[in-house]
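Student: I'd like to go through this one and ask where the labels come from. Can we start once it's on the screen?

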Amino acid sequence: MKRILLFILTNLLVMLTIGIILSVFGVGSYLNESGGIDMGSLLIFSAIVGFTGAFISLAMSRMMAKWMMGVRVLNPNDHLSQGERQVVEMVHRLSRAAGLMHMPEVGIYDSHEVNAFATGPSKKRSLVAVSTGLLNELDVDAVEAIIAHEVAHVVNGDMVTMTLLQGVVNTFVVFLSRIAAWAVSRFVKDELAPIVHFIAVIIFQIVFSILGSMVVLAYSRYREFHADAGGAHLAGKDKMIHALRGLQAYQDRMRDSQQTAISTLQISGKKRSALFSTHPDLEERIRRLQAS
């Protein structure tokens, strides 16, 4: 979840920044002399902004993850605790088994949540990080399977593929937001039109980006099944299922520890938030592994 949400948030901020800067300096004007829209120019402008934002987000993904999550990189040459060294050895062993020529950076961050993620702009510059909660709550076999799952994300090149998809989504977001902003600006006085157009572009771009993220998140859910299969191949199917069961038990325990009213809201809101979920239901992931 952290990997995807950080990427989408960074992409939105980068794209907004690029769009605002270009608009302020009048670069890539798509309005013709009659005040209408030159669709060809707008589409080219949208693609440049959209894919630039996506690839800058990809390039920043590892750095942003370290900064926002407080990840501490574990250097094998440093003095590490037994648990930390075990995590490093797991990541390197599974990465070699997966055929990676360059070992991912290995990191750990302080959090009570049971979580791990993989990110980075390429297989050569990837990061696999685990939370202290993961190491404290789950046993060694489950931790190994979850790390194998994250290594599979790296091997599959999911971040690069997601960047290409995000670039396409961004292109449509920029394109549609400017058409909508132009339409809104036609309903105000001529002297106010440029200001209204500028503000409307930002608002529509944020709204359409949120809607567009549903496409990216749907792809994320789809790729989780492939990462589960990759994790099962590297660590063993039984370990992968055991890890997912462990995550399921942890979630149930955390849900039971909350107030009844809050739990009811979460259960009833589950379907409403499904479109914005980064991962499919754990039971469905387990079922697919068992059937494979």
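Student: Why is Phe 198 called partly exposed?

Tutor: Phe 198 has a relative accessible area of 33%. Buried means under 20%, exposed means over 50%, and partly exposed is what lies in between, with a 1.4 Å probe and protein chains only. So Phe 198 counts as partly exposed. Before we go on: this is a predicted model, where local features need pLDDT of at least 70 and side-chain atom pairs count only at pLDDT 80 or more, while totals for chains, interfaces and linings use all residues. Residues are numbered from 1 along each chain as its sequence is written, and side-chain values use heavy atoms, leaving out hydrogens and water.

Student: What makes Arg 223 buried?

Tutor: The relative accessible area of Arg 223 is 15%, so Arg 223 is buried. Over the protein chain, buried residues make up 46% of the 292 residues.

Student: Where does Arg 223 sit, and what does it touch?

Tutor: Arg 223 is in helix H7, residues 193–235. A helix here is a DSSP run of H or I with at least four residues, a strand is a run of E with at least two, and both are numbered from the N terminus. Leaving aside residues up to four places away in sequence, Arg 223 touches His 153, Asn 156 and Asp 158; contact means heavy atoms within 4.5 Å.

Student: Which residues form the nonpolar patch on the surface?

Tutor: Ile 20, Leu 192, Ile 195, Phe 198, Ile 199, Ile 203, Val 207 and Leu 211, with about 670 Å² of accessible area together. Nonpolar side chains (Val, Leu, Ile, Met, Phe, Trp, Tyr) are joined within 5 Å, like charges within 9 Å. Areas come from the Shrake-Rupley method with a 1.4 Å probe, and for residues only the protein chains shown count as cover. H7 gives the largest share of the patch, six residues.

Student: What makes S1 and S3 edge strands?

Tutor: Two strands pair if DSSP finds at least two bridges between them. The open sheet has four strands in the order S1-S2-S4-S3, with mixed pairing. Strand S1 (72–73) and strand S3 (116–119) each pair on one side only, which makes them the edge strands.

Student: How do you know that S1 pairs with S2?

Tutor: Two bridges join S1 to strand S2 (residues 105–109), and the two run antiparallel. Val 73 stands opposite Gly 107 in S2.

Technical notes
Patches are made of residues with over 30% relative accessible area and no salt bridge: like charges are joined within 9 Å, nonpolar side chains (Val, Leu, Ile, Met, Phe, Trp, Tyr) within 5 Å. A salt bridge is a side-chain nitrogen of Lys or Arg within 4 Å of a carboxyl oxygen of Asp or Glu.
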